[in-house]
Amino acid sequence: MSNSVILSPSLLSSDFGRLAEELAALEAAGLKWVHWDVMDGHFVPNITFGPPVIKSLRERSKLFFDVHLMIEKPERYLAEFVDAGADMLGVHAEASVHLERTVSEIKRLGAKACVTLNPHTPLSMVEYLLPDLDMVLIMSVNPGFGGQKFLDFTMDKIEQLAAMKAGVNPSMHIQVDGGVTPDNIAELTRRGADVFVSGSAFFNYPPYDQRLKTFMDAAQD
Ligand code: DX5
Ligand code: ZN
C-alpha cells in the first residue's frame with residue numbers, strides 16, 4: 001500500500017492551555033502536518049481560535065499548518081490566515097458563493113488551496129475546480145465538534161472523488177476528517193484518501209509517537 005499516507009492531528013482535541021507544548025510534542029513524535037479547526041459560531045455552532053493564535057504559534061513550529069476554516073464568507077479573512085502562517089487553507093464550498101475566486105485568491109496569496117465538502121454536499125460542487133486544487137477535504141461528520149461517529153456513506157464519496165481526480169489532477173490530496181480511527185483508516189486508504197485528520201482518536205491515546213505508528217501500520221493493512 002502507499003507510503004504517502006499523511007496524518008494531520010486536529011488540535012481541537014488537544015489541550016488548548018498547552019498549545020505550544022502540544023505542537024512541540026507532535027513534531028518530536030514525527031508528525032509533519034497539524035490540523036487547525038477554525039470555527040466562527042455561525043457556519044458551525046462552536047467557536048475556537050483565529051489568526052492571532054495561529055500566528056503566535058507559527059513562530060514556534062515547523063509543522064505544515066493545515067487550516068480548516070469553518071467560517072461564513074471565508075474570503076474576508078484569507079490574507080489574515082496566510083499572513084498568520086497557514087500553509088494549506090481550506091474553505092467550505094457551502095460557505096463561499098464565488099468559490100473559484102476564493103480558490104484563486106488563496107493561491108495568489110501563496111498558500112495551498114483546499115475545498116471542503118460537508119457530508120451531504122455533492123462532489124459536483126468541486127468538479128470544475130479540481131485542476132486548480134491541492135486538496136479536497138471530505139467531511140465524514142457534520143463539522144463543529146470532535147468525537148463524532150464516522151458517517152459510512154462518505155466512503156463511497158471518497159472513492160468517487162478518487163475516480164474524478166484521476167484524469168485531471170492525480171496528485172491532488174484527498175483528505176478525510178471526522179471519526180477517523182485506526183479501525184477505518186485502511187478502508188479509507190483503499191478508497192483513495194491519503195490525508196487523515198484525527199482529533200479524539202489521536203490525542204486521547206498518548207504517547208504520540210506510538211499513536212502515529214498505530215495509525216500508519218493500520219493504514220497499510
Ligand atoms: C470537526 C473537525 C474535525 C474534528 C475531528 O468539525 O473539523 O477536525 O476535530 O475530530 P475527531 O477525529 O474526534 O472526529
Ligand atoms: Zn477539521
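1. A friendly place to start: Arg58 sits over the face of Phe65, 3.7 Å from the ring centre. Keep in mind that this is a predicted model. Phe65 also belongs to a cluster, joined by ring pairs, with Phe16, Trp36 and Phe49.

2. The structure holds seven aromatic pairs. In one of them, the centres of Phe202 and Phe203 are 5.2 Å apart and the planes meet at 80°, so this pair is edge-to-face. Phe202 pairs with Tyr208 as well, here in a tilted arrangement with 5.2 Å centre to centre and 35° between the planes. Both Phe202 and Tyr208 are buried; the relative accessible area of Phe202 is 0%, and Phe203 is buried at 7% relative accessibility.

3. Phe202 turns up again among the contacts of Leu7, which, beyond neighbours within four places in sequence, also include Leu31, Trp33 and Phe196. Leu7 lies in strand E1 (residues 6-9) and counts as buried at 3% relative accessibility.

4. Now the metal. The zinc ion (ligand 2) has His35 (NE2), Asp37 (OD), His68 (ND1) and Asp177 (OD) as protein donors, 2.1 to 2.3 Å away. Its site is octahedral, with angles of 69 to 169° among six donor atoms. Asp37 is in strand E2 (residues 33-39) and Asp177 in strand E7 (residues 173-177), so the two tie together parts that are 140 residues apart in sequence. Asp37 and Asp177 are both buried.

Key. Residues are numbered from 1 along each chain as its sequence is written. Chains are lettered from A and ligands numbered from 1 in the order in which they are written. This is a predicted model: local features need pLDDT of at least 70, side-chain atom pairs count only at pLDDT 80 or more; totals for chains, interfaces and linings use all residues. Side-chain values use heavy atoms; hydrogens and water are left out. Donors are N, O and S atoms within 2.8 Å of the metal (3.2 Å for Na, K and Ca); water is not among the atoms, so sites may look incomplete. Four donors count as tetrahedral if all angles lie between 85 and 135 degrees; four count as square planar and six as octahedral if opposite donors are over 155 degrees apart and all others between 65 and 115; anything else is irregular. Helices (H or I, at least four residues) and strands (E, at least two) are DSSP runs, numbered from the N terminus. Buried means under 20% relative accessible area, exposed over 50%, partly exposed in between (1.4 Å probe, protein chains only). Contact means heavy atoms within 4.5 Å. Rings of Phe, Tyr and Trp (its six-membered ring) pair if their centres lie within 6.5 Å; planes under 30 degrees apart count as stacked, over 60 as edge-to-face and the rest as tilted. A charge sits over a ring if NZ of Lys or CZ of Arg is within 6 Å of the ring centre and within 35 degrees of the ring normal.
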